[in-house]
Amino acid sequence: MKVLQLYNVFGATTERTLLAVPEALSERGVEVAVAYESMSPEAPALGWPMQQVSRIAVSSATDVAGQMEAVAAQEPAVPGAFDLVHGHFGPRVLHGSRYLRRGVPLLISCYGYDVSRLLRDPCWGARYAWAGARGAVFVALSTSMKQTLVDCGVPEAKVRIIRLGIDLADWPFLADGQPARSDAAAPRFVFIGRLTGKKAPHDAIAALPPDATLDIIGKGELEDSLRAQVAANASLLRRVRFLGQLPLDELPAVMRGATGFVLPSVVASDGDMEGMPMILMQSLALGLPCITTQHAGNAEVIPPEDRAACVVPESDVPALRSAMERLMTLPGDHRDAMRLRGRAWIEAGFNLRQAADAYFSVYQELAAG
């Protein structure tokens, strides 16, 4: 089976997880070729045929169907015979439409902004619906994301839910997840992510209980305002550390012994939303209890037994603080049970092997059809 993978930025740090499934599928004999609009300096060398393609620019249109027909009528950017074209993020329907028009099955994986911020322009929803009506299959990460696509007009039968997964070998359960410490040592929380609106790191700072510390790992456009937020409070200056962006393989050591991980995601002012954050999966796999918000697919990553205590409304700082305080005072045996439950939940439903199996099944179905 020969599959063309369509990317915007190939190998971008924030999108490296998008390479994991094609890598796993290539190990199963899928012949992978890549078309990309731009290449990240950090992109890995994977040995696949690579071709840069020009961006297809479209603007809002009163006749979206006509616009898509005109785009689809043009020659594909990458010639050749493919059994399937797999686009990563919704806008790949543009390049993908040219293959779809020529009878090549099209699969579009959606991840977050493409079913939130992008849909502020209703023409994008109409473009998705145009492709779905012509046989394109869409992959959503969560039930809420699937419903958004259906609401756009994509036939429900053309939307599948496949959750991304992690390589569990890279995130080993930390048996000493909370080593003994002196009574004087403060409980410690960790925030990891891009310092941007939808991650809401300012809420994590505002909610920090007075006897706890917070390590912030990541870079982004909000860093200056976050530092100013901390600088305005003498107590926070002693208890909040900015550690910058760290390599993935260094994160387990930083997370070891933390009281919990906190990701208070919100809908950003520009409409941007999460998809299903990998960092929640990684944290739970390590055995680190997680607190997050009722946002996008976040809650679906949390074990059902822990959602009442660990999933709070968006932008509700008092509720976020209460959840952090509950983790701080959790009896040891309850904490151990929560840690084991989190690891088991990720092993059962969010591992890379399962994601690759699910995608391989869809690949076979579409190629055969």
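Predicted model: local features only at pLDDT ≥ 70, side-chain atom pairs only at ≥ 80, totals over all residues.
Residues count from 1 along each chain as its sequence is written, and side-chain values rest on heavy atoms, with hydrogens and water left out. Local features need pLDDT of at least 70, side-chain atom pairs count only at pLDDT 80 or more, and totals for chains, interfaces and linings use all residues.

**View 1. The second largest pocket and its lining.** Here you are looking into about 220 Å³ of space. R55, I56, P91, R92 and W124 lie nearest the centre, out of 15 lining residues. By type, the lining holds seven nonpolar, three polar and five charged residues. (A pocket is an open set of points on a 1 Å grid over the protein atoms alone where a 1.4 Å probe fits, with protein on both sides within 12 Å along at least five of seven lines; lining residues have an atom within 4 Å of a point. Volume is the space filled by probe spheres set on the points, which are joined across faces, edges and corners. Ala, Val, Leu, Ile, Met, Phe, Trp, Tyr, Cys and Pro count as nonpolar, Asp, Glu, Lys and Arg as charged, and the others, Gly among them, as polar.)

**View 2. G135 in the loop between α4 (122-133) and β6 (137-140).** Helices (H or I, at least four residues) and strands (E, at least two) are DSSP runs, numbered from the N terminus. G135 is partly exposed, at 27% relative accessible area (buried is under 20%, exposed over 50%, partly exposed in between; 1.4 Å probe, protein chains only). Beyond neighbours within four places in sequence, G135 contacts L100 and K158 (heavy atoms within 4.5 Å). Look also for V154, 19 residues from G135 in sequence and 9.8 Å away, C-alpha to C-alpha.

**View 3. K198 in the loop between β8 (188-192) and α6 (201-207).** K198 counts as buried because its relative accessibility is 12%. Its contacts, leaving aside neighbours within four places in sequence, are S265, V266, A268, D272, M273 and E274.
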